[in-house]
Amino acid sequence: MSGAIALEGLRVLELSGLYGAYCGKLFADMGASVTLVETAEGSPMRAKAPFLANEPSPDTSLPFNYFAANKRSVVADLGTEEGQKALFTAASRADLLILSDHPQTAHVDLEALRLANPGLVCTRITPYGTSGPYSGYKGDDLTLMAMGGLLTMAGYPDSAPVVAFGEQGLLAGDQFAAVASLAAVLRAEATGQGEIIDVSIQEAIVMALENAAQTYQLEGKVRKRSASSARAGTGIFPCSDGEVYLLAGGIGETAMWGSFAKWMASEEVTGCELFSDPDWNDLAPGADEAFRAVFLPFAKARTKDQLYQGGKRWGVPIAPMSTAVDLLTNPQLLHRQYFVTAPSGSAIGPVAMPGAPYKFSVSPWALRTAAPGLGEYGNLADLTDLQDVQSHD
Amino acid sequence: MTDLPLSGVKIVDFCWIGAGSYTTKLLADLGADVIKVESSKSLDSLRLAAPYAGGIAGVNRSGYFADRNSSKRSITINMKDPRGVEIAHNLIRDCDVVANNFRPGTMEKLGVGFDALSEINPGLIYIGMSMNGDEGPDRSMLGYGITIAALTGFLGYSGYPERGPTGTGTNYPDHVPNPCHAAFAIMCALRHKRRTGMGQKIDMAQTEPMLSLIPTPVMEYSANKRVIGRTGNALAGYAPRGVYPTSGEDRWIAISISSDQQWRDLCQILEPALGAYARWGTLERRAMDIPEIDSLIARKTALWDGYELMGKLQEKGVPAGVVQNARDLVDDDPQMRHRDHWRYLQHAEMGDSLYNGPPFQFASQAVGPRFAAPLLGEHNDEVFSTRAGLTTAEIKQLQDEGALV
């Protein structure tokens, strides 16, 4: 035991599809041995666009290469007796089994697997949970973001709600699944008691409703989408090389306006005395127009980064509306070496991808191996050990 | 009765506002003992954020604060007073985790930085969650969920291509990405500590979990030199995929079609005269005429009650979901009720008030908020006497002298 790997020795079986993979990734990147069990056709994630050079193949999906890095791949046909036997053998040696929309989910009996290995933690991720009136409902990210209540707050009041980028609802399910799974694993390691965990993606999305549920319960108000309604000094504003997001007043009743007023005064912006006026009210009729008349000429003469640096100096919440190019050249992210390249042996070559979401001083996040080829480690039945055959660096 | 998964884990929590408090709430609901260190001299501003019980503002009345602070105990310490700092040190001496989401340097100024604390507690796990992390040129930047959404590109990628970005309409990174990643990280460090006895420092920049959840734009640019734009509700592999009007005011249904069979079933239900839609039999063909298809669907769905249409479509295995709002979810959603999602907890000042239960259920036992959010300093006597060894008279004196306020 090197002592430098947080989840060293933890054996995880991942039976995932278009979701579930990020849950496994969180474990794999912290050092657990994660074995992705695929059908002979391959994980549905292998068919997920976009692809390297826009050429679909089982190894060129960019999302697959991101979500499956640090994992091993084995194949199994869980619909056969041999496949079932292999699954039971593997599960008897595992600490955690993650089951989501694997194509053969119907053939996985978590209760039976848990009986065979009482210390096993089984985590099941489904759109609405495994029982209840909607448990048979199908769901993708869009329909779940609708049913989970986040979609109703996104967009302009004059047109249909519009979903957030990147299938965040499915990823919310994965993240909460990882939190619950690791808590249960910690207890299982201490007591020998495993668990069966039932995660609802709809409910994971409900966790993101900010204050909407309490606003309804306590004040009887239903929050809706409001992208175009303006509190002065809050929103997206143009500048010389793109746009920035400004939150001049902060949130809650923390008045950040004082900081903003000082910044504008230090830059001698024409008309800025408005913001230090004790009667200034950012919700008053006409306040938005008055704000724009003063701020826009200043902003349009400066770059995103100049405005961001000004906000940093004066303690004003403002941020560039970054593009991918901005992110790859962002000095802060470069300093932290946040983006990493796909490991050697990767089918997509040295492509940049997100790196550590957190920095540990002793047992760090690490990208060790590239996403595996389909069945790179053979059949599930032939797997003798769930520990990684290669020793960790 | 089995212990909760995190029973016995002791956390001293300096977090405030959004993501930090949500992180420690997740751990507290799972059984960790979380002591929230507050001060009436410098309030957690979420205590002053709407909504309020009965619409009446007050430091113990915010529903937003309450939901982020269930299962925690609150104490008040004036960290500007050396006696307050010493008492904080006594609480930290035998705890497992210290958490904060201040800007870098603030904890050091208060006498509770990592170096000082790891001297008095070498096994301590210490997590800081500032916007940009502990190191780097922009480390001192002040951030909120929405500015993090902007900086990471998440806001800019979300919305209709022909209009400005819309994001989620919330401070999204505060509510899922950052709390979940921070809670997961803390538990990783707890496992490491159990195996090695070692504590450590975790530096989580709140921009970075969000970036880890949107890998495609950067990978697409790096691999294919393609800059992606906003695509509204469309997504590769689906056609059509959209949000369509139903009967009622501002009521909508989301429908996502990823197979030709789903398309045929959708047509069968919306327009029994299937012939008109036959030319769009394949996904590739449909993808070419999305605007026309969307407007045809919208014309039909507008005649339906959303829930009735959802039921009909789901019967056929077509993914469909009503765009539900908070009232629908709290009052009516039968699945939320079946899973006991909404919990009503008795709060000393707010009365019976609403909390989220967790989105996961454990087969062996119920998990979720154990008790309502604390009043400011509600647990002063209990914590200072049992955990810091102070007598009632000493506590009273230190309060009168402004050290424990």
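Ser71(B) lies in the loop that runs between H2 and strand S3 (72-76) of chain B, where helices (H or I, at least four residues) and strands (E, at least two) are DSSP runs numbered from the N terminus. Phi of Ser71(B) is near 65 degrees, a positive value in a residue other than glycine. Ser71(B) counts as buried because 25 C-beta neighbours lie inside 10 Å; the term buried requires 20 or more other C-beta atoms within 10 Å of a residue's own, 12 or fewer being exposed and the range in between partly exposed, with C-beta atoms placed from the backbone.

The model is predicted, so that local features need pLDDT of at least 70 and side-chain atom pairs count only at pLDDT 80 or more, while totals for chains, interfaces and linings use all residues. Residues are numbered from 1 along each chain as its sequence is written, and chains are lettered from A and ligands numbered from 1 in the order in which they are written.

**Chain A**

Chain A contains 13 helices and twelve strands. Its C-alpha atoms fill a box of roughly 75 × 50 × 45 Å along the principal axes, and 58% of the 393 residues count as buried. The average pLDDT of chain A (the predictor's confidence in each residue, from 0 to 100) is 94, with 96% of the residues scoring at least 70. Over residues 389-393 of chain A, however, pLDDT is below 50, and this stretch has five contacts in the model beyond near neighbours in sequence. Two residues are in contact if their C-beta atoms, placed from the backbone, lie within 7 Å.

The contact between the chains takes 124 residues from chain A and 125 residues from chain B. On the side of chain A that touches chain B, H6(A) gives the most, with 14 residues. That side divides into 80 nonpolar, 30 polar and 14 charged residues; Ala, Val, Leu, Ile, Met, Phe, Trp, Tyr, Cys and Pro count as nonpolar, Asp, Glu, Lys and Arg as charged, and the others, Gly among them, as polar.

| Helix pair | Axis separation | Crossing angle |
|---|---|---|
| H6 (168-191) of chain A and H9 (177-196) of chain B | within 9 Å | roughly 20 degrees |
| H1 (21-29) of chain A and H6(A) | 7 Å | about 45 degrees |

Axes are lines fitted to C-alpha atoms, for helices over the stretch in contact, and angles run from 0 to 180 degrees between N-to-C directions. H1(A) and H6(A) are therefore oblique to each other; angles under 35 degrees count as roughly parallel, over 145 as roughly antiparallel, 65 to 115 as roughly perpendicular and the rest as oblique. Residues of H1(A) in this contact include Tyr22(A) and Phe27(A), and those of H6(A) include Leu171(A) and Ser181(A).

**Individual residues**

Glu210(A) occupies the loop between helix H7 (201-206) and helix H8 (212-219) of chain A. Although not a glycine, Glu210(A) has a positive phi of about 60 degrees. Glu210(A) is among the residues in contact with His175(B), as are Met207(A) and Tyr22(B). His175(B) is found in helix H8 (residues 172-175) of chain B.

Chain B has a cis peptide bond from Ala50(B) to Pro51(B), with omega near 5 degrees. Another cis peptide bond joins Ala239(B) and Pro240(B), with omega about -5 degrees.

Terms used:
Lists of a residue's contacts leave out its neighbours within four places in sequence.
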